[in-house]
Amino acid sequence: MIGFHQQEKSPCLGRIFRADSAAEVYFSDVYATKLVGWGVIRQPAGCCFMHQDLEMQRFVVHGMQKSKANPSLWQLVEYTFGHKDQAVCQMLANQITAHLDKEMGRPKSLLVFVNPKSGKGNGQKIWEGVAPIFSRAKVKAQVTVTERAGHAFDRVASMTSRELNTYDGIVAVGGDGLFNEILNGLATSRFKCKFPPVPPDFVTSTEKDLSDLVFDPKEAPTGTEETSCSTGDDVGFSIPHKWFRLGLIPGGSTDAIVICTTGVRDPTTSALHIVLGKRIGLDIAQVVRWKATNTSKVEPLVRYTASFVGYGFYGDVITESEKYRWMGPKRYDVAGTQVFLRHKSYEAEVSYLDLKYEEMSQHLEDGNLKVGTRSLKNHNKKREREICRANCEICSMPSPSTSEPKWLSAKGRYLSVGAAVISCRNERAPDGLVADAHLSDGLLHLILIKNCPHPSYLWHLTHLARKGGSPLDFKFVEHHKTPAFAFTSIGKEGVWNLDGEILQAHKLSAQVFRGLVNLFATGPEN
């Protein structure tokens, strides 16, 4: 803590002044300091309406403060201090800088990808707005402006361990699509793991023997970072990684990932999280397309996502929106309306692993922790929401022990099938698809919207679009918390929406890995 106490006869004065008290700036909130030379400092005199201007040597301390209206919103703040002796100012500035250099976890070198076409096409302008923060913090940023779809993926996937080890992290300036492109470039080349577990009859014996390709459900990862996966041949850099982090500065159409991990959609807030070296674990889902169509061969295609994968309504919206790309983000509203009016459903079979957790409840009853066993099926209903926030207890808990998992299946006609890794909050859905989804609890949220009357579906969407709504509390909605699920389409097939990418899949499976990557973030404050 840096303490500057104003005394009447002291020659050291602060711009931010509070009479008869100390002006305190915490090192954890400071990211830079700079000597600015001779100039004027305004000193309060007598009362809050009076002041006097004094000329002296000055140095500036750059930091952050949380907005009083919204603690998740971090604002830039400068504290100017002065002394008549330049040597004293230089000594104090040097001491502060030396202490900041010892702060653990703060990045020194970053690889930055800027998508100039994301969102409203102002990616470069957003980066130019926050770049001075990195410069003041003496963070070296190697900037690449993407020129095409897949540019960031190709660049990251082709990097050597030696090259990756020269950076403390990779930052995306754009939307969720660019972030997931970087994630896939990193995970595809650095994270080699068995495919998600699948039901015994998922692929017939005449198609392919899966015993060596997939996890046994009894041994499948249930949301722990300590998996039995191996990394690639390039052992110099692998994930999970202790200190390497990913960052995201929002500039996309929805920015769900940054809203869920910082609480706001604000480039300055995200930049401050990065230069101050904040850290939070994030679950990642591995999605495997086994067959593109009913007549296709079994050829597994692997993708990774930090947010959401959806079929039916979600796939139709992204397909329809491609016709209106010239409209920018508004195309999703137009496409969503048209797809809603069609009210199209798809027949499918969905299987998921049902686990019974023996866990310690986080709620005290009569002063004692309550121990119990619960199923994850429809666990969201008729209980208080436990929202994921900064210093979340659920995300920091060790993975609970489980009984033997079993597959449960549902077959029918669905308007949509979706799996959320995080709550996916955004401006159109302020509470997200699943309000109480957590950033690092090792669970997917499988949401099945069964075929229903048009007005009922509209009421469900209305609940999604409003704060405090209950979109999951409908009879035609099923919500299951699970570490893995499998999907098979029946009859006429739709497409999947995987982070804005259209993915055709007759057979698909997914599993989640707890805290597989670390982010420059803390979680939302409110």
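This is a predicted model: local features need pLDDT of at least 70, side-chain atom pairs count only at pLDDT 80 or more; totals for chains, interfaces and linings use all residues.
Tutor: Ala-93 is part of helix 1, which covers residues 86-101.

Student: Why is Ala-93 called buried?

Tutor: Buried means a relative accessible area under 20%. Ala-93 has 4%, so Ala-93 counts as buried.

Student: Which residues does Ala-93 touch, leaving out those up to four places away in sequence?

Tutor: Ala-93 touches Thr-33 and Phe-59.

Student: How do you know that the span of helix 1 agrees with what it should be?

Tutor: At 1.5 Å a residue, the 16 residues of helix 1 should span 22 Å. The end C-alpha atoms of helix 1 are 22 Å apart, so the two values agree.

Student: Which residues of helix 1 are buried, and why are they said to line one face?

Tutor: Cys-89, Ala-93, Ile-96 and Leu-100 are buried in helix 1. Seen down the helix axis, the buried residues fall within an arc of 60 degrees, so they line one face of helix 1.

Student: Where is Ser-67, and is Ser-67 buried or exposed?

Tutor: Ser-67 sits in the loop between strand 5 (47-66) and strand 6 (74-83). Its relative accessible area is 11%, and under 20% means buried, so Ser-67 is buried.

Student: Which backbone nitrogens lie 3.3 Å from a polar atom of the Ser-67 side chain?

Tutor: One is that of Ala-69, and another is that of Asn-70.

Note on methods:
Residues are numbered from 1 along each chain as its sequence is written. Side-chain values use heavy atoms; hydrogens and water are left out. Helices (H or I, at least four residues) and strands (E, at least two) are DSSP runs, numbered from the N terminus. Buried means under 20% relative accessible area, exposed over 50%, partly exposed in between (1.4 Å probe, protein chains only). A polar contact is a pair of N or O atoms within 3.5 Å; within protein, one must be able to donate a hydrogen and the other to accept it, and residues adjacent in sequence count only if both atoms are side-chain atoms. Contact means heavy atoms within 4.5 Å. The expected span of a helix is 1.5 Å times one less than its number of residues. The arc is that of the directions from the helix axis to the C-beta atoms.
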